[in-house]
Every structure is written in structure tokens, then in C-alpha cells.
Amino acid sequence: MKALVLSSGGLDSTTCLALAIEKFGKENVIALSVFYGQKHDKELQAAKKVAEYYGVVHKSLDLAEIFKDSDCSLLQGSSQEIPEESYDEQLKKTDGKPVSTYVPFRNGLFLSCAASIALSNGCDVIYYGAHSDDAAGSAYPDCSDEFNKAMNEAIYLGSGKELHIEAPFVLLTKVDVVRIGTKLKVPYELTWSCYEGGDKPCGKCGTCIDRRKAFELNGLVDPLEV
Ligand SMILES: [Zn+2]
């Protein structure tokens, strides 16, 4: 068995990468990172360091062109600031719609690209780190269990039943992800989750707030905050 792992350089996807490496061995894992026009490239640099740390093959892809008309607040062309509040606070104002940092159909696109690359490289499975906190309240609908099941079926059928998706955290929370990753000794000091591109995490964006809470509830301190 050989796995392709969507590796953004963040906490969730790096934990997912560690799980795949534990299961299949580093020689049977390919990490794939996608640039999609973010305001900074901190995550991509982190993904590169993580791949070097684990000694896995690392591929990267530039899909920024696809998102050039989007006003998602993470992207270079956006007129919006990145919100400095928790997802719960943000969702109170979105009227059931995704948050402003939702990148249009990002996971659908990434998984489709990953499927083509996986088939071309003899992989049997795609791993990605979607979890239930991101799907909650439809903040990121392309992280939900329903979405994952639908994409899995599409990829399985469209690949001639050669390829499927594993989203090991899709029913779990970020607190669970950190618990699992800590057991696997994931080098969280190499990862980057913050939506801002500073030297240290901003501590104020939705993903910083979630990340800090996930470490705290495990009785740990994020190594990036030490
Ligand atoms: Zn932040």
C-alpha cells in the first residue's frame, strides 16, 4: 500500500502525515502541498520542513490561478481582513454560510488533484486531515463527514476502484488530533497554523484560537508559543 497525504504544513495535516507514515512506512508515503494564493507562504515552508524531517517525497502544486477571483480573506487578492475572533463568534454573523476564510471548494479541488497525482504515482489511498471542529456550523463545509463520504465515493468510482480517501479525524476534534499527534511525537514546532504570516502565531485568528485550546485541553503548551 502507498499513500498520498495532503500536507499543508499545519497541525492537522502533519498529524495525518505522521499516521500515514506509521502505517505505511516513509518510503510508501508522498506528501503533497498546494499553494493557492495565500497572503504568505509560511505554511508551505512548514510543509517542506516537515517532509524533510520525515524523509518523505514532497510534491508541490500551484493552484493560485484558480482562486484569483475569490474574495476569501486568506487570499492575496482579497479586500477583507482575516477575522480576529473564534469560529463560534464568526459563525454568529454568517447566517449559516461558511466563514470568510473558507477557500471556495478547496478540499474538493485538492482531493481531485491528489487523486490524479496518486494514480500516476501508484498510490492506493489519499489521506487528509479534515476534522469535525472545522466542519461545525458549516464553517468549512468541505471538511464535513458527508462531504468526505461523497468525495470518497466519487474518487473510488472515478479511479476504477483503485483509490480511496481516508480522513482519520473527520469525526474527531482538534483536541483529539493533538492527543494522537503527541503520542506519535509529531514535531509540532515545525508546523504553522496561523492565518497571518508573522514570525510568531498571531494568537487572535480562528485557527490560532483553536490550536491554543487544543494544546491546553491536553495539558500541553504549543511549542510555537514557548
Ligand atoms: Zn493566527
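Between which two helices does the loop holding aspartate 95 lie? Select aspartate 95 and look to either side: its loop runs between α3 (87–91) and α4 (106–120). Keep in mind as you explore that this is a predicted model.

**Stop one: aspartate 95.** Check the backbone here. Aspartate 95 has a positive phi of about 60°, although it is not a glycine.

**Stop two: phenylalanine 105.** Stay in the loop between α3 and α4, where phenylalanine 105 also lies. Phenylalanine 105 is another residue other than glycine with a positive phi, here near 55°. Is phenylalanine 105 exposed or only partly exposed? With 15 other C-beta atoms within 10 Å, phenylalanine 105 is partly exposed.

**Stop three: a pair of helices.** Next, select residues 174–183, which form helix α7, and residues 206–216, which form helix α8. Their axes come within 8 Å and cross at roughly 55°. That angle makes α7 oblique to α8. The crossing of the two helices is right-handed.

To see where α7 and α8 meet, show the side chains of these residues:

- from α7: Lys174, Val175, Val177 and Val178
- from α8: Asp210, Ala214 and Phe215

The contact of α7 with α8 has five nonpolar residues, two charged ones and no polar ones.

Conventions
Residues numbered from 1 in each chain as written. Predicted model: local features only at pLDDT ≥ 70, side-chain atom pairs only at ≥ 80, totals over all residues. Axes fitted to C-alpha atoms, helices over the stretch in contact; angles between N-to-C directions. Helix = DSSP H or I, 4+ residues; strand = E, 2+ residues; numbered from the N terminus. Parallel < 35°, antiparallel > 145°, perpendicular 65-115°, else oblique. Left-handed = near helix turned anticlockwise from the far one by under 90°. Contact = placed C-beta atoms within 7 Å. Nonpolar A, V, L, I, M, F, W, Y, C, P; charged D, E, K, R; others polar. Buried ≥ 20, exposed ≤ 12 C-beta atoms within 10 Å, placed from the backbone.
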